[in-house]
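Subject: Structure handover

Hello,

Here is the structure for you to look through. Please open it first, then read my notes below.

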Amino acid sequence: MDATTAMYVSQGMHGVAYGMVLFLLASGLTLILGMMGVFNLAHTCFFMLSAYFGYQTIHWTGSYWLALLVAPILTALFGILMERFLLKKVHAYGPIAELILTLGVSMIILDGVKVVWGTQSLPLSPPQSMQGLVDIMGLQYPVYRLFLIVLSLFLLLVMSIILYKTRLGMVVRAAVSDAEMVNALGINVPLVFMTVFGIGTWMAGVAGVAIAPILTVSPGLSHQMGMDAFIVVIVGGFGSLGGAFLVSLICGLLSSYGIQFFPQYAAILIFVFMAVVLTIKPEGLFGEKES
Amino acid sequence: MKKSTRLTVWAIGLIVFALFPKFFGIYYSNIIVTFAVWALFAVSLNMMLGFTGLLSFGHAMYFGTGAYGTALALTHMDGLPLIPAVLSGGVASMVLAICIAPLVVRVSGTAFAMLHLAFAQFMFVLALKLRDITGGEDGLGGFDIPPLQIKGLFSVDMADPLCFFYFAIAVIVIALCCLWFVTKTPFGQIMVGTRDNAKRIDYLGFRVSHTKAIVYIISAAAAGVAGSVSVLHQNLVSANDAYGMMISVFPIMMAMVGGARSFFGPIYGAAFFAMLEEFTTRYTDHFELILGVVLVVFIMYWPLGFAGMIMKLKYKWLTWKQSRKSQGSAS
Amino acid sequence: MNILETRNLSHDFDGLRVLVDVNLVVEQGEKHAIIGPNGAGKTTLFNVITGTYKPSSGKVIFKEKNIAGCGPYKIQRQGMGRSFQITTTFDDLSAFQNIRLAVLSKRGIRFNLFRFVDKMDDITQETVEILQRVDLWDDCHTPAGLLSYGKHRCLEISMALATNPDLVMLDEPAAGMSADETHTAVELIRKLTKGKTMVIIEHDMDVVFSLADRITVLHHGTILATGSPQEIKENKEVQAAYLGQLEE
């Protein structure tokens, strides 16, 4: 591969890697939103929290794989606790109250990590086996980013199988579409809510540990990818996984090529994209019009 | 409350306000000005939130635009008088709102809230990138505040903190009165109707999108005025002061904690907030953490905020009075 | 004159045909009831006429203008009022404020930012008159959401009528009411719709027969029969449709 093509391909793959991790982060958010009608502002904070848990695990045990296993589960636990004890109580006061509750929790987590771990950026090294470069048709590409793409695709596959081939998945999809109806069919909807909340937060946790070696662990992590995740959900359509996937990829590529070709305005490209889509279709690319 | 009692309370308030700087000094007078700015900002947000049911997570976009509007006007226009300088902030925000309103009224609920989060973020990035205009991270500052004057009649120097105190409070009170008045008009009824049941408003023959647009523009203009006064007070505006994430969050907190269903709620919230800040920043850096906890606790146990508590107490007092009356007549 | 006519009105929901070639005719001044078994498409018909949905095909001619696809607010301003089967009022506002909003709309006062609404005496007076006429004066300061069911429904109906529409569409006004409440509601409707044209969806046949001049029967999205109450009572097809429903 010649140098120019290598650059394009390399940037493209960076974009895909980022986009896939972004999708992991955004998918939980959009599912929770579509099913429960709650936009969990604390979702990206859980993403960041998991990166911190991952850092701490590696700090104590030295094992990246253990961190990848433990941190997301711990984070998911926190997510479920928030859903059970805080969100549920506020549900009766309406969606705005729920939104504000998640805002409060996000503030607690954002500042809380500073209390425990300080304000500096903390490094998180990828595992030995995933370091270094690999040769793809003449292009030297970082193994770890390849790992990100593979991991995300794998989780995407598993998630798709669960959602579309199992009974639980069917119930979840039905609940995303019409939670009341599912309740009327005698299914324990609060349990379904809790499960989806837990799994969504877990995936954000995986995204957190996964991206940490590249972005490093810092209090700004939530904000960095958070904004993009919000845009993915809004533009992709609430509750739409397909929409989230597509928009995540677009955002990843825009970001990557944007930094390459329009460094000054890379950040702005995504906003313009969002404004354009919302002007034409306010409910998002794959969203459903609120009746 | 009887009219005479109400007038007395206002008169006392006026006297306290007039004498405040003399007794409490410049430090606390500055805190009052900051409080007043936040109060106006929070009330402007509440026009949308508590009165029309629209939550924006990016209201900083209008506060910041007001601040930059006034700062840029003063930096680039020599001899600009004081009142136009203040107004230029409000006008800048209003113009921005008019441009965005057609897009924004088609979106509602969570999307509305998050769209504004993104917009505010966009303005933040813009302010950082356009260093030549906005001064980027360092910001704009060091401009002279023009005196309040009518040529030939009088001139009041605004560099004097005491004079500025009176001016700033006056401007904010006037803006608040305007907003209060709006809630008392027929349009104010349509606003709360839209909050309660937008469907019914539609079927009664009112255009919901137009209503939202007008509230939006008024709210933006008021936020712009707040930003204006703020930049005159601080004599500095930077990207973070103008469009930072917390700038959007604070008025939401103040409105919710103070009570979103009441016009004065956000003002109570701003006061609570100012006192909390004064008190906690002496002991800890982690103000945000405390704010988060306060927000969570309030939304779970006192969703109607201070205003709600006051209403409950009022109701309890009235029913107690009622039972005393009936006891009295029975015996 | 026919104040309302639908011409070949059809509507689909995601491929499901809910209304099929409906040609409804409502004469000015008449009290017209639409009845039919559950799922016949009555509320959808209402929704298409009042602007909730744009019909898949066909026309809705109101006062000789095609209003198909116009938004609800536009149609209301042309003179059509509507009440809902599920009470749609401003639950946090008082009964007084609810009616007042309808009065403000009637008078075209929409973007008035210049007067104290509480000091607009003519508005207040008209609102008070309406509240007294519908027996809600004692509850005028009660938030709508706290009214008893019967009074709440009464408020719902009054709001539709307070805008003084030429045609009022009432969707199951007596829904969920006890026998006494229904009787009161019927008297109220009769009083308030004197001289107006009314179209009403109802399941309660007593209500239908005491209010309607003409009845249209809807079944599976099409008009089965139209005629006077007597004609409909004796119509064999109508009986079959209803009995068929019972057997299903």
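Contact here means heavy atoms within 4.5 Å. By that rule, chain C meets chain B through 35 residues of chain C and 28 residues of chain B.

Some ground rules. This is a predicted model, where local features need pLDDT of at least 70, side-chain atom pairs count only at pLDDT 80 or more, and totals for chains, interfaces and linings use all residues. Residues are numbered from 1 along each chain as its sequence is written, chains are lettered from A and ligands numbered from 1 in the order in which they are written, and side-chain values use heavy atoms, with hydrogens and water left out.

**Chain C against chain B**

The size of an interface is often given as the accessible area lost when the parts come together. Buried area is that loss for two parts, taken with a 1.4 Å probe and summed over both. Chain C and chain B bury about 2,900 Å². Carbon and sulfur atoms give 65% of this area.

Next, the charges. A salt bridge is a side-chain nitrogen of Lys or Arg within 4 Å of a carboxyl oxygen of Asp or Glu. The interface of chain C and chain B has 2 salt bridges. One of them joins Arg200(B) to Glu156(C), with the closest N and O atoms 2.8 Å apart.

There are also 18 residue pairs in polar contact here, both residues at pLDDT 80 or more. A polar contact is a pair of N or O atoms within 3.5 Å; within protein, one must be able to donate a hydrogen and the other to accept it, and residues adjacent in sequence count only if both atoms are side-chain atoms.

Which elements of chain C give two or more residues to this side? They are helix 2 (72-78), strand 7, helix 3 (95-106) and helix 5 (149-162). Helices (H or I, at least four residues) and strands (E, at least two) are DSSP runs, numbered from the N terminus. Helix 3 of chain C gives the largest share, 6 residues. The side of chain C that touches chain B divides into 16 nonpolar, 10 polar and 9 charged residues. Ala, Val, Leu, Ile, Met, Phe, Trp, Tyr, Cys and Pro count as nonpolar; Asp, Glu, Lys and Arg count as charged; the others, Gly among them, count as polar.

**Chain B against chain A**

This contact takes 38 residues from chain B and 39 residues from chain A. About 3,500 Å² is buried, 81% of it on carbon and sulfur atoms. How many salt bridges cross between chain B and chain A? The count is 0. Polar contacts number 4 residue pairs, both at pLDDT 80 or more. On chain B, helix 4 (109-129), helix 10 (245-258) and helix 12 (287-301) each give two or more residues. Helix 4 of chain B gives the most, 12 residues. The chain B side holds 29 nonpolar, 6 polar and 3 charged residues.

**A sheet in chain C**

Two strands pair if DSSP finds at least two bridges between them. Chain C has an open sheet of 6 strands with mixed pairing, in the order 7-8-9-4-10-11. Strand 7 (80-83) and strand 11 (222-227) are at the edges, each with a single partner strand, so one side of each has no neighbour in the sheet.

Strand 4 (residues 31-35) and strand 10 (residues 214-219) of chain C run parallel, joined by 4 bridges. Ile35(C) stands opposite Val217(C) in strand 10. Strand 10 and strand 11 of chain C are antiparallel, over 5 bridges. There, Leu218(C) has Ile223(C) as its bridge partner.

Best wishes
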